[in-house]
Amino acid sequence: MENNLDMLLKLAISAAVQAGKGIMDIYTDESSDFGVEMKSDNSPLTIADKKSDAIISSYLSKTKIPVLCEEIKNSPYEERKAWSLLWVVDPLDGTKEFIKRNGEFTVNIALVEKSEPILGVIYVPVKNTIYFGYKGFGSRKAENVLPSDSCDEIISRSRQLPVTDGEERAYTVVASRSHLSAETEEFINDRKKTYPQLVTVSAGSSLKICLVCEGKADVYPRFAPTMEWDTAAGDGIARAMGLKCTLVDGNTPLSYNKADLTNPWFIIDRGNK
């Protein structure tokens, strides 16, 4: 499986980077209104979501591995529960951030085996930065990624996570830019009892998990709704480097390809390895 994971990682990196290029073609077009539609759950959908989905699908379809994705009509659980291996994809995580033009959106691709994310890729198109990892390989970050770069080039110049180089900083909690719940505020206030100099950092999309994996934040509590495709890639990267993305009990890992694709509340904590 290890050789297969290496091949699948490169495929996912290629898919994410090319999808990011497609997104940026629209994002940087000053004449574009993004073609915003509202889905049945009242969340936005843009032409960039659709373009990214089409590009990723063109890559992942080569693997014959089934896909669970935000932007497609997913198979019923009676069929999905037989899938021991599947891709979990969010073609444009942070659509609200995309529409706001604040740059805090990502492309998320994960490989899940028996409910556990074993591979994750998160690409940040505005920053040309990619995070990736898989079980047994570890997790890495590469910057200045160009669509013309080969996967081997990207991997060869990547750095192992965390990449903070021993920087001193205050205890940091990362929170959602768009969804700060009362429970999250309570969690932050409780941590301040132990860490009086605590600071909070806001970020959109799966960048929140990346900040913890990178070592720029200590904990990300999520006491608000998310879907499996929001977290699978970040969770895969975290697990590949020995971090835990758990339920609020601090022990039970998140599970994927459930009948209900909504995640329970969770915490990713660098102090919980």
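These numbered points go through a predicted model, one topic at a time.

1. **Ground rules.** Residues are numbered from 1 along each chain as its sequence is written, and side-chain values use heavy atoms, with hydrogens and water left out. In this predicted model, local features need pLDDT of at least 70 and side-chain atom pairs count only at pLDDT 80 or more, while totals for chains, interfaces and linings use all residues.

2. **The listed site.** UniProt, in an unreviewed entry, lists Asp90, Asp93 and Asp230 under "binding site". These three are spread over 141 residues of sequence, yet they cluster in space, with a largest C-alpha distance of 6.6 Å. UniProt positions follow the numbering used here, feature names are shortened, and annotations may be inferred rather than shown by experiment.

3. **Asp90.** This residue lies in strand β4, residues 85-93. Helices (H or I, at least four residues) and strands (E, at least two) are DSSP runs, numbered from the N terminus. Is Asp90 buried or exposed? Asp90 counts as buried because its relative accessibility is 1%. Buried means under 20% relative accessible area, exposed over 50%, and partly exposed in between, using a 1.4 Å probe and protein chains only. Beyond its neighbours within four places in sequence, Asp90 is in contact (heavy atoms within 4.5 Å) with Glu70, Thr106, Val107, Asn108, Trp229 and Asp230.

4. **Asp93.** Strand β4 also holds Asp93. Its relative accessibility is 7%, so Asp93 counts as buried. Setting aside neighbours within four places in sequence, its contacts include Glu104, Phe105, Ser205, Ser206 and Asp230.

5. **Aromatic pairs.** How many aromatic pairs does the structure hold? There are nine. Rings of Phe, Tyr and Trp (its six-membered ring) pair if their centres lie within 6.5 Å; planes under 30 degrees apart count as stacked, over 60 as edge-to-face and the rest as tilted. Take Phe187 and Phe223: the ring centres are 5.7 Å apart and the planes stand at 70°, so this pair is edge-to-face. The pair links distant parts of the chain, 36 residues apart: Phe187 is in helix α6 (residues 182-194), and Phe223 is in the loop between β12 (219-222) and β13 (226-227). Phe187 is buried at 12% relative accessible area, and Phe223 is buried at 8% relative accessibility.

6. **A second pair.** Tyr220 and Phe266 are also edge-to-face, at 5.7 Å centre to centre and 90° between the planes. Tyr220 sits in strand β12 and Phe266 in strand β16 (residues 266-269), 46 residues apart, so to speak a link between distant parts of the chain. Both Tyr220 and Phe266 are buried.

7. **Charges over rings.** A charge sits over a ring if NZ of Lys or CZ of Arg is within 6 Å of the ring centre and within 35 degrees of the ring normal. Lys62 lies over the face of Tyr59, 4.9 Å from the ring centre. Arg101 lies over the face of Tyr27, 5.6 Å from the ring centre. Tyr27 also forms one aromatic cluster with Phe98 and Phe105.

8. **Cysteines.** A disulfide is a pair of cysteine sulfur atoms within 2.5 Å. By this rule the structure has zero disulfides. For Cys151, the nearest cysteine sulfur is that of Cys210, 18 Å away. Cys151 is buried, at 11% relative accessible area. Cys245 counts as buried, at 1% relative accessibility.
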